[in-house]
Amino acid sequence: SWSVDLGSHQSSVYYPFASAHNLTNRKGIETVSKGVSGFSFGRLVNFSCIEVADFLIENQLITIPQEGSKGAAALAEVDGNLGISTLRNFHLFLDYPNQQIILEKTADFNTPFPRDKSGILVGKSRDDIPMISYIDRNGPGYRAGLRIGDIFQEIKKRAFSRSTN
């Protein structure tokens, strides 16, 4: 069983499920995310397919926690969380009286989804300027010379200026 989170970009499995199914050692890009319970570390892993409500969705990136997490990722009541990266394949209908979610395939079901495999997390500096707040030391961003604390001066010719607050 899975939870549904329309505010989560990535789908993920929770630690008890990952541990019970020997998923914690799978290779992938190191990630960090921040939720209500604080920061959690995981690995973004490619799965050839996953099955959701009798639909096979190909080439899914799923986050696997790398530690016995706190918060939702530590729950054993559900196996994981379906985020937008998976749910974008469906029209969702919420049947509140019967406590069900009805899924219908969209016209672009199973089409490639833009993926971020840089291994970096962009946050904001104290001056409200985009900066690298986390980087996977084995990922392409690190190999390209990016480091934690690097500030983005401009993106696509849009310059960033320091906050006056």
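Pro-112 counts as exposed, at 77% relative accessibility. This proline is found in the loop between S8 and S9. The model is predicted.

- Pro-112 and Asn-59 sit 53 residues apart in sequence.
- In space, their C-alpha atoms are 8.2 Å apart.
- Pro-112 is exposed because its relative accessibility of 77% is over the 50% cut-off.

**Two further pairs**
- Met-131 belongs to strand S10, which covers residues 130-135.
- The relative accessibility of Met-131 is 18%, under the 20% limit, so Met-131 counts as buried.
- Met-131 and Gln-153 are 22 residues apart along the chain. Their C-alpha atoms are separated by 9.1 Å.
- Pro-16 lies in helix H1, residues 15-20.
- With a relative accessible area of 29%, Pro-16 is partly exposed.
- Pro-16 and Pro-65 are 49 residues apart in sequence. From C-alpha to C-alpha, the distance between Pro-16 and Pro-65 is 9.4 Å.

**Positive phi outside glycine**
- Gln-99 has a positive phi of about 50°, although this residue is not a glycine.
- The loop between strand S7 (90-95) and S8 holds Gln-99.
- Gln-99 counts as exposed, with 75% relative accessibility.
- Asn-110, also not a glycine, has a positive phi near 70°.
- Asn-110 lies in the loop between S8 and strand S9 (120-124). Pro-112 is found in the loop between S8 and S9 as well.
- Asn-110 counts as partly exposed, at 26% relative accessibility.

**Nonpolar surface patch**
- Six side chains are named here: Val-4, Leu-6, Ile-84, Leu-94, Tyr-96 and Ile-101 form a nonpolar patch on the surface.
- Together, these residues have about 570 Å² of accessible area.
- Ile-84 is found in helix H2, residues 84-87.
- Ile-84 has a relative accessible area of 30% and is partly exposed.

**Second largest pocket**
- The second largest pocket holds about 160 Å³ of space.
- Its lining is made up of Ser-1, Trp-2, Val-4, Glu-51, Val-52, Ala-53, Leu-82, Leu-87, Ile-101 and Leu-103.
- Eight residues of the lining are nonpolar, one is polar and one is charged.
- Ser is polar and Glu is charged by class, so Ser-1 and Glu-51 are the polar and the charged residue of the lining.
- Strand S1 (2-4), strand S4 (38-52) and strand S8 (100-105) each supply at least two residues of the lining.
- Val-4 and Ile-101 line this pocket and also belong to the nonpolar surface patch.

Conventions: Residues numbered from 1 in each chain as written. Predicted model: local features only at pLDDT ≥ 70, side-chain atom pairs only at ≥ 80, totals over all residues. Heavy atoms only, no water. Patch = residues over 30% accessible without salt bridge, like charges linked within 9 Å, V, L, I, M, F, W, Y side chains within 5 Å. Areas by Shrake-Rupley, 256 points an atom, 1.4 Å probe, with all protein chains shown as cover. Salt bridge = Lys/Arg side-chain N within 4 Å of Asp/Glu carboxyl O. Helix = DSSP H or I, 4+ residues; strand = E, 2+ residues; numbered from the N terminus. Buried < 20%, exposed > 50% of the residue type's maximum accessible area, 1.4 Å probe, protein only. 1 Å grid on protein atoms, 1.4 Å probe; cavity = no way out; pocket = protein on both sides within 12 Å on 5 of 7 lines; lining within 4 Å. Points joined across faces, edges and corners; volume = space filled by probe spheres on them.
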